[in-house]
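Visitor: I have a new model open on my screen and would like to go through it with you. Where would you begin?

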Amino acid sequence: MKGGVVAVIAVLAIFALVVKPGQAVTCGQVDAALVPCISYLTGNGDSPSPACCSGVKAVKGMAQTLADKRACCSCVKAAANKYADLKDAAAQSLPTKCGVQMDIPISRSVDCDKIN
């Protein structure tokens, strides 16, 4: 029950934080979108939740310009580095498991300045 409530709140936060044209992406927006993915990314589940995949899609939607892609990348990298138990294989497979073509790798070691 508690996990379901957190997922609902996270999804609502995603919709409340959708980027408006002309506004820069913030790490708060990216973090809120990906909070439902933490369980999967730390090895507590075989597949990402629907709320997680909605968050991945939201991040893709935020990353439209090169500057936004690099900002999202930096935020994702910083968030990944907060979790010592983050599973690299789960992080790298997340977009594919959610059916999303991402221009932003989910990794602790990506060089965000090389994102095109």
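Guide: I would begin with the largest pocket, where H5 gives the most to the lining, with three residues. Please keep in mind as we go that this is a predicted model.

Visitor: Okay, how much space lies in the largest pocket?

Guide: The space in the largest pocket comes to about 220 Å³. Its lining is made up of 15 residues, and those closest to its centre are Leu34, Ile38, Ala79, Ala80 and Tyr83.

Visitor: And which elements give two or more residues to that lining?

Guide: Those elements are helix H2, which covers 27–34, helix H3, which covers 38–41, and helix H5, which covers 66–81.

Visitor: What is the lining like by class?

Guide: Sorted by class, the lining of the largest pocket holds twelve nonpolar residues, two charged residues and one polar residue.

Visitor: You mentioned Tyr83. Where does Tyr83 lie?

Guide: Tyr83 sits in the loop between H5 and H6, and it is one of the residues closest to the centre of the largest pocket. Its relative accessible area is 31%, so it falls in the partly exposed class, which runs between 20% and 50%.

Visitor: What is Tyr83 in contact with, leaving aside its neighbours in sequence?

Guide: Once residues within four places in sequence are set aside, Tyr83 is in contact with Ile38 and Arg108. Tyr83 and Arg108 are 25 residues apart along the chain, and their C-alpha atoms are separated by 9.8 Å.

Visitor: How many of the residues are buried, as a percentage?

Guide: The chain has 116 residues, and buried residues make up 40% of them. As for the surface, the chain exposes about 6,500 Å², with carbon and sulfur atoms supplying 59% of that area.

Visitor: And what share of the contacts comes from residues 24 or more positions apart?

Guide: Taking the contacts with a separation of 6 or more, residues 24 or more positions apart account for 71%.

Visitor: Back to single residues, then. What about Asp31, is it buried, partly exposed or exposed?

Guide: Asp31, which has its place in helix H2, has a relative accessibility of 25% and therefore counts as partly exposed. Beyond its neighbours within four places in sequence, Asp31 is in contact with Cys75, Ala79 and Lys82. For the pair Asp31 and Cys75, the separation is 44 residues in sequence and 7.4 Å in space, C-alpha to C-alpha.

Visitor: Now H6. Which are its buried residues?

Guide: In helix H6, which spans residues 88–97, the buried residues are Ala90, Ala91, Leu94 and Pro95. Viewed down the axis of H6, these buried residues fall within an arc of 135°, so they line one face of the helix.

Visitor: What do they pack against?

Guide: The buried residues of H6 pack against H3 and helix H4, the latter covering 50–62.

Visitor: And which residues are exposed on the other side of H6?

Guide: On that other side, Ala89, Gln92 and Thr96 are exposed. For Thr96 the relative accessible area is 65%, which is over the 50% cut-off for exposed and so explains its class. Thr96 and Cys53 are 43 residues apart in sequence, and their C-alpha atoms are 9.9 Å apart in space.

Visitor: What happens just after H6?

Guide: Just after H6 comes Gly99, which takes a positive phi of about 70°.

Notes:
Residues are numbered from 1 along each chain as its sequence is written. This is a predicted model: local features need pLDDT of at least 70, side-chain atom pairs count only at pLDDT 80 or more; totals for chains, interfaces and linings use all residues. Side-chain values use heavy atoms; hydrogens and water are left out. On a 1 Å grid over the protein atoms alone, a cavity is a set of points where a 1.4 Å probe fits but cannot get out, and a pocket is an open set with protein on both sides within 12 Å along at least five of seven lines; lining residues have an atom within 4 Å of a point. Grid points are joined across faces, edges and corners, and a volume is the space filled by probe spheres set on the points. Helices (H or I, at least four residues) and strands (E, at least two) are DSSP runs, numbered from the N terminus. Ala, Val, Leu, Ile, Met, Phe, Trp, Tyr, Cys and Pro count as nonpolar, Asp, Glu, Lys and Arg as charged, and the others, Gly among them, as polar. Buried means under 20% relative accessible area, exposed over 50%, partly exposed in between (1.4 Å probe, protein chains only). Contact means heavy atoms within 4.5 Å. Accessible areas come from the Shrake-Rupley method with a 1.4 Å probe; for residues, only the protein chains shown count as cover. The arc is that of the directions from the helix axis to the C-beta atoms.
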